[in-house]
Amino acid sequence: MMRKILIGLFLCLTMLGLFPKDVYCFEPDPNRWEYVGGIQSDVGVFFDKETIEIQRRSYLNNVKVWICYADPNSRMYKYHYIILDMAERMIGLQGVVIRSYDGEVIESDSVTYVTYDRIVPNSIGETLYLYIKKKYNL
């Protein structure tokens, strides 16, 4: 009887949000998706190690990579195909795919010509930039 009461209490507290949530809401394949950081303590950000493309040139290092925002509040995965200009500290968005937890594609879009923006300090973009720069010695 006491066990049922404790389980019920735990479930009530969890539903009320009194226990901290996991940083991410799905269990990615660690051989493919690597955790980079979180946004607002409950949206996990991962990058796809399997599809990352690193273009190394003497004057330029570009990185093309899919990143995933795993959002438990909206119950969606938001995939962004981005290009990082490592020399200029700039980021560009080339494609977006939004999927439900069930895998259904809700929306997708891509652009032919990428517009780059400066990476904002203390942003998830900077976290990703610094993480990839260190991991791949760029």
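Predicted model: local features only at pLDDT ≥ 70, side-chain atom pairs only at ≥ 80, totals over all residues.
Local features require pLDDT of at least 70 and side-chain atom pairs count only at pLDDT 80 or more, whereas totals for chains, interfaces and linings use all residues. Residues are numbered from 1 along each chain as its sequence is written, and side-chain values use heavy atoms, with hydrogens and water left out.

Rings of Phe, Tyr and Trp (for Trp, the six-membered ring) are taken as a pair if their centres lie within 6.5 Å; planes under 30 degrees apart are stacked, those over 60 edge-to-face, and the rest tilted. W33 belongs to strand β1 (residues 33-39) and Y79 to strand β5 (residues 76-85), so the pair links distant parts of the chain, 46 residues apart; strands here are DSSP runs of E with at least two residues, numbered from the N terminus. W33 and Y79 are both buried, that is, under 20% relative accessible area, with exposed meaning over 50% and partly exposed in between (1.4 Å probe, protein chains only). Together with Y77, these two residues form one aromatic cluster.

A further tilted pair consists of W66 and Y81, at 5.1 Å centre to centre and 45° between the planes. Because W66 lies in strand β4 (residues 61-71) and Y81 in strand β5, this pair ties together parts that are 15 residues apart in sequence. W66 counts as partly exposed because its relative accessibility is 25%, while Y81, at 14%, counts as buried.

Technical notes
Helix = DSSP H or I, 4+ residues; strand = E, 2+ residues; numbered from the N terminus.
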